[in-house]
Amino acid sequence: MSIIKLKKGFDLKLNGALASDEPMRAEVASKLCAIVPDDFHGIVPRLDKKEGEHVKAGETIYHDKEHDAIKVASPLSGIIKEVKRGERRKIEAIVIEGDGSGDAVSHDLSKPVKDVLLESGLWVMLRQRPYDVVPSPEATPRDIFVTAIDSAPLAMSLIKAAEPLLQYAARGAEALKELTTGEVHVCFAPGEEMELPAATCHTVKGPHPAGNAGVQAANIAPVNKGEVVWTLDLVTMCRIGELMTTGKVSYNTRVAVVGEMVDKPYVADVVMGCPIASLVGGKDNARIISGNVLTGEKVEADGWLRAPYRQVTMIPEIGKKDEFMGWASLNPSRFSIYHMFTTWLCGKLSKPCSMDARLKGGERAIVRLDEYDNMLPMDIYAEFLIKAIIAFDIDKMEKLGIYEVAPEDFALAEYADTSKLELQRIVREGLDRMRAEMC
């Protein structure tokens, strides 16, 4: 098992983490769940079911307009209660009310692995580089990269998240091996390694974003022009293993409910897409994030658990409203990645701290301080790539590594950016425009 050591990055420590020993667990039951099409980037949904129709767990709800074979399935057996639409009739969410019957679709395992994954709906949990989209069924990946590390702030160990399905990990790796002409690379945190005969295993040491599959791929076998690789996490690989063993998919998932505004952080076993209200109580001055603070989606109290369904974070919307000088305060106890305050002299950068949702400054021109490069352990010039994306210079984007990256890889750099640019949005828009231009 090879060891990969990463030095760039930063571990952002926040208040409201899970207990270091066995965290409190709860099983949260809900009759409702929702599928949010925006969670599966690259798919234009075309409904197979209408409001009021009955569906089984694992039955197709909608398919991709361009590729009929790509399907999204229902996590519950029940009735389609509502199809919520936004501007221009865009589907924002499909709400399903469970009937408690537990009826589930059983898949034919005599078919090729790819066909079974497409029929089951698990295909949409995979991501393709370049462009960070759901893979095309026609593409054959050079390699597949599986991350068994979640290094994001307040994240639960992926090994613990996958614990109910961990027995299927080896079968999942075997199934993935059938889909690629190359290797299945699985990256573990130190001390959490597993034996997977069908995979090439690695140990990754270093700060966040060491847990990003794209960062791991860039340090093992970078993506070049004309090549395609797939990425996924350990939980998805275990689901694939369960599907290829039992013929059915489990849509239950384990979620960490964390953050400063959570009274007692805990781990919940829920169904995918469950209501946020079933996990957190309503609080004034609280921002609810489905996911982690760097890459998650802001949701309202009546929203839904979004993909990848592993974490809900609650932080203060605004901290000290009457703070002297506001965001420009020179309070020596304030946190900064850089040595802007005396906090670092007391060693507080390595201790949990309180942070709210304020930007504390406005957008401004890019300042050359190597901020992006220091937060991104990939062999690319991140600052110049961002500039090339803004200018939409395709030749420069290709030379600077656009095929290797995804928005999540720039999340930490966005947090540390003194220019306050929305780097993830810039990268996402750049990838989408390039895909439209090149494909």
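C33 is buried in this predicted model, with a relative accessibility of 0%, where buried denotes under 20% relative accessible area, exposed over 50% and partly exposed the range in between, as computed with a 1.4 Å probe on protein chains only. The structure contains zero disulfides, a disulfide being defined as a pair of cysteine sulfur atoms within 2.5 Å. C33 accordingly takes part in no disulfide, and the nearest cysteine sulfur, which belongs to C274, is 8.7 Å away. C238 is likewise buried, at 0% relative accessibility, and its sulfur is 12 Å from the closest cysteine sulfur, in C201, which is too far for a bond. The model is a prediction, in which local features require pLDDT of at least 70 and side-chain atom pairs are counted only at pLDDT 80 or more, whereas totals for chains, interfaces and linings use all residues. Residues are numbered from 1 along each chain as its sequence is written, and side-chain values use heavy atoms, with hydrogens and water left out.

The largest nonpolar core comprises 139 residues, of which F40, M237, L279 and F410 touch the most other members; a nonpolar core is here a set of buried Ala, Val, Leu, Ile, Met, Phe, Trp, Tyr and Cys residues joined through side-chain atoms within 4.5 Å. The largest share of this core, seven residues, is contributed by α5, helices (H or I, at least four residues) and strands (E, at least two) being DSSP runs numbered from the N terminus. Because domain 1 (2-246) and domain 2 (373-438) both give residues to this core, it lies between them, with the domain bounds taken from an automatic or database domain assignment. Apart from this core lies another, of five residues, among them V36, A93, V95 and W304. In soluble globular proteins, nonpolar side chains tend to be buried together. When neighbours within four places in sequence are left aside, F40 is in contact (heavy atoms within 4.5 Å) with I35, Y62, V72, V124, M125, R127, V134 and Y309.

In helix α1 (residues 113-120), the buried residues are V113, V116, L117, L118 and S120, and the elements that cover them include β7 (71-73), α3 (169-177) and α5 (234-246). Helix α1 is followed by G121, which has a positive phi near 90°.

Strand β17 (residues 286-290) is mostly covered, four of its five residues being buried. β17 runs antiparallel to strand β19 (residues 311-316), to which five bridges join it, and within this pairing I288 has M314 as its bridge partner. With strand β18 (residues 297-299), β17 pairs in the antiparallel sense over three bridges, and I289 is here partnered by K298; two strands are taken to pair if DSSP finds at least two bridges between them. The hairpin of β17 and β18 has six residues between the strands, and G291 in this hairpin takes a positive phi near 120°.

R254, which is placed in strand β15 (residues 252-258), counts as buried at 9% relative accessibility. Its side chain makes a polar contact of 2.9 Å with the side chain of D269, and a further polar contact, of 3.0 Å, joins the side chains of R254 and E163. A polar contact is a pair of N or O atoms within 3.5 Å, of which, within protein, one must be able to donate a hydrogen and the other to accept it, while residues adjacent in sequence count only if both atoms are side-chain atoms. Not counting residues up to four places away in sequence, the residues touched by R254 include M156, K160, P164, V267, Y309 and R310.

Most residues other than glycine have a negative phi, and most peptide bonds are trans. Against this background, Y309, in the loop between β18 and β19, has a positive phi near 65° and is buried at 9% relative accessibility. In the loop between β18 and β19 lies also P308, which is joined to A307 by a cis peptide bond with omega about 5°. A cis peptide bond also joins H208 and P209, with omega about 15°, and P209 is found in the loop between β13 (200-205) and α4 (213-220). F392, although not a glycine, has a positive phi of about 50°; F392 is placed in the loop between α7 (382-391) and α8 (394-399) and is buried, with a relative accessible area of 16%.
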